[in-house]
Amino acid sequence: PDSSYFWVEFNDHRAQMYGRDGNAIGTQLNDVGYIYIAPDSSYFWVEFNDHRAQMYDRDGNLIGPELTGVDEFNDQFNIKISPDSSYSWVTFEDVKAQMYGRDGVPIGPELNNEDSFFDYFRINISPDSSYSWVSAGDNNHYRAQMYDRDGNLIGPELTHVSYIRIAPD
């Protein structure tokens, strides 16, 4: 929203961040698959084509650890940033999901297929960022659980869930 920077992605999978003055910021990145910018522009995630992801601050400095095995199966669910930019969810190829703070530090427990989830994760975050729904499933079973912004489980697990639709207000 503050338009302080923008990214240019090139056909050969290079990407470069620029400031509002048109000058390059930081180093050029290679093998970029997708860039997710936080709504308040305070940080961004870069997903690389080799299933890695890294989080950077608005100045292009790396924050948090490099993540490997990021799930590219379904692009709309692999990295999801909350509307207030306070946290992100990342899903992984080995059927895991983890919430991260704006500083790149994990929040709450890592969710994995041992937690009664199955082949994939879908993340829906409320417009006010106060909670999120994590749903998972396979061809026969669908389950969903609700988490607060601190990664704490809220309420019971729901089964036979097809979709989660959160009211915009």
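Residues are numbered from 1 along each chain as its sequence is written, and side-chain values use heavy atoms, with hydrogens and water left out.

**Exercise 1.** Determine where in the chain confidence is lowest and where it is highest.

Begin with pLDDT, the predictor's confidence in each residue, from 0 to 100: its mean over the chain is 86, and 88% of the residues reach 70 or more. Helices (H or I, at least four residues) and strands (E, at least two) are DSSP runs, numbered from the N terminus. Among these, helix H1 (residues 75-78) has the lowest confidence, at a mean of 55, and S2 the highest, at 94. Where pLDDT is low, the predicted coordinates should not be read in detail.

**Exercise 2.** Identify the strands that pair with S2.

Two strands pair if DSSP finds at least two bridges between them. Strand S1 (residues 5-9) runs antiparallel to S2 and is joined to it by five bridges, with Phe-6 partnered by Tyr-18. Strand S3 (residues 24-29), also antiparallel to S2, is joined to it by three bridges, with Ala-15 partnered by Leu-29.

**Exercise 3.** Explain why S2 is described as largely enclosed.

Buried means under 20% relative accessible area, exposed over 50%, and partly exposed in between (1.4 Å probe, protein chains only). On one side Ala-15, Met-17 and Gly-19 are buried, and on the other Gln-16 and Tyr-18 are buried. Five of the five residues of S2 (residues 15-19) are therefore buried, so the strand is largely enclosed by the rest of the structure.

Methods. This is a predicted model: local features need pLDDT of at least 70, side-chain atom pairs count only at pLDDT 80 or more; totals for chains, interfaces and linings use all residues.
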